[in-house]
Amino acid sequence: MASVDFINVRKSFGTHAVIKGVNVEITDGEFVILVGPSGCGKSTLLRMLAGLENISAGEIRIGDKIVNGLAPKERDIAMVFQNYALYPHMTVADNMAFSLKLKGANKTAIETLVKPAAEILGLSHLLERYPRQLSGGQRQRVAMGRAIVRNPQVFLFDEPLSNLDAKLRVAMRAEIKELHQRLNTTTVYVTHDQIEAMTMADKIVVMNDGRVEQIGSPLDLYDRPANLFVAGFIGSPAMNMIKGRLDAADPHRFITEGGTVLPVVAAVEAAQGRDLIYGLRPESMRLDGAGLPVKVGVVEPTGAETQMIAKLGGSDLVCVFHERVSVRPGEIVNVSINAQATHLFDAESGVRL
C-alpha cells in the first residue's frame, strides 16, 4: 500500500490542454473518487497515474517514488476497466492467475493467491467457468479478482459499473466498498455518477474542465459546496438555484427577481448589493400552511419519498418530501424553508459566500 500524489500535473494534446494543473494528495489506504461530467479529465488523470498516458508537466508520486517515467508494469498498480477485459478462451481461474503466470509464479503460489481472492469475491464455485457463462456482475468480480491477486500498492477503477443495470450497480457498489474495507488498499476510482461517489468514497475530487473544483468528504461537499458547479453536481435532485439579491434593509431576507421573499440565516456583509444565487436543497422544504405559496406542476411519488416540481414566482422549485403527500398538479400549496440549510453564491464568480 502507498500514498498517491499529483503535483501540478498537466496534460495537453497538441495545443489543447485537458489537465490544467491538478494537485491532489491521497493518503495510504484511502478510497478516493474522481468525479465530474464527461470530458472533465478524470479518466485522463487516472490513465496518467496508470502509466497509459504521458504527462506534459508536473509529478505523480506513488509512495516516495516519482513514477512519471516508469512503465505501467513497474508502478505496482492494478487496474479494473469498464469493459472487464477478460480473455474469453480462459476460465475464471486462469483469467485471475494470468498476471502471476506472466511473472513465472509456480502452480502452488498461484493457487495460494487465487483461492483466497475467489473466496472474498464469491467466485469459488465459478473458477472453472468461462466468461461467456457469467453474468455482468460476475465478470466484473473476476476483473476485480485479477487485480487483487497482484497485491498492488494501488487499485485503479475506471467507471467499472457503467455497463451494469441499476440494481446490480447498487449491489456492486457495496461489494467494492466492502472489498476496500477488507484489504485497505489505496484506491482511486473514476465515475461520472455522483451517487456512486457519495456512497463509496472516503474523499471525493470534483473535476470540471481539467481542473479540481473541490476536494473533501462526501458530506463536506454536500453541506458546504465551494461553488455553483459543485452545488449543482453533488446531490440528486440537484440544488435549487434562484437569482436575486439581499434586502437592503434586512440581510435576513433574500428578494428573488420575481419579488418573492426567502429566508436567510446570516449573510456575510460582502453579499450586500451583489447579484446572488440562492441555493436550496430539495429536501430542505416541507409542506406547511404558513409557508410560501407555490403552484404544483408535477408530482412524482417513488414510495419512499415524493418529488414535487412547482413554481415559486417565476422560478422552478424542486421539492423532495420523505413522507407521502396528497398534492395535485395545478394546486396551490404552501412550503416552508429550512433557512439553516440555505446557501448564497456570488452570481458572477459562482463562489459560495
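The legends below describe close-up views of a predicted model. Local features are given at pLDDT of at least 70 and side-chain atom pairs count only at pLDDT 80 or more, while totals for chains, interfaces and linings use all residues. Residues are numbered from 1 along each chain as its sequence is written, and side-chain values use heavy atoms, with hydrogens and water left out.

**View 1. Strand 15 and its pairing with strand 18.** Strand 15 covers residues 285-301 and runs antiparallel to strand 18, residues 332-337, to which seven bridges join it; strands here are DSSP runs of E with at least two residues, helices are runs of H or I with at least four, and both are numbered from the N terminus. Two strands are taken to pair if DSSP finds at least two bridges between them. Within this pairing, M285 stands opposite I337 of strand 18.

**View 2. The hairpin of strands 15 and 16.** Strand 16, residues 306-312, is also antiparallel to strand 15, and six bridges join the two, with V299 opposite M308. Four residues lie between these strands in the hairpin, and G303 in the turn has a positive phi of about 105 degrees.

View 3. T91 lies in the loop between strand 6 (77-80) and helix 2 (92-102). T91 counts as buried because its relative accessibility is 9%, where buried means under 20% relative accessible area, exposed over 50%, and partly exposed in between (1.4 Å probe, protein chains only). When neighbours within four places in sequence are left aside, T91 is in contact with L127, E128, R129 and Y130, contact meaning heavy atoms within 4.5 Å.
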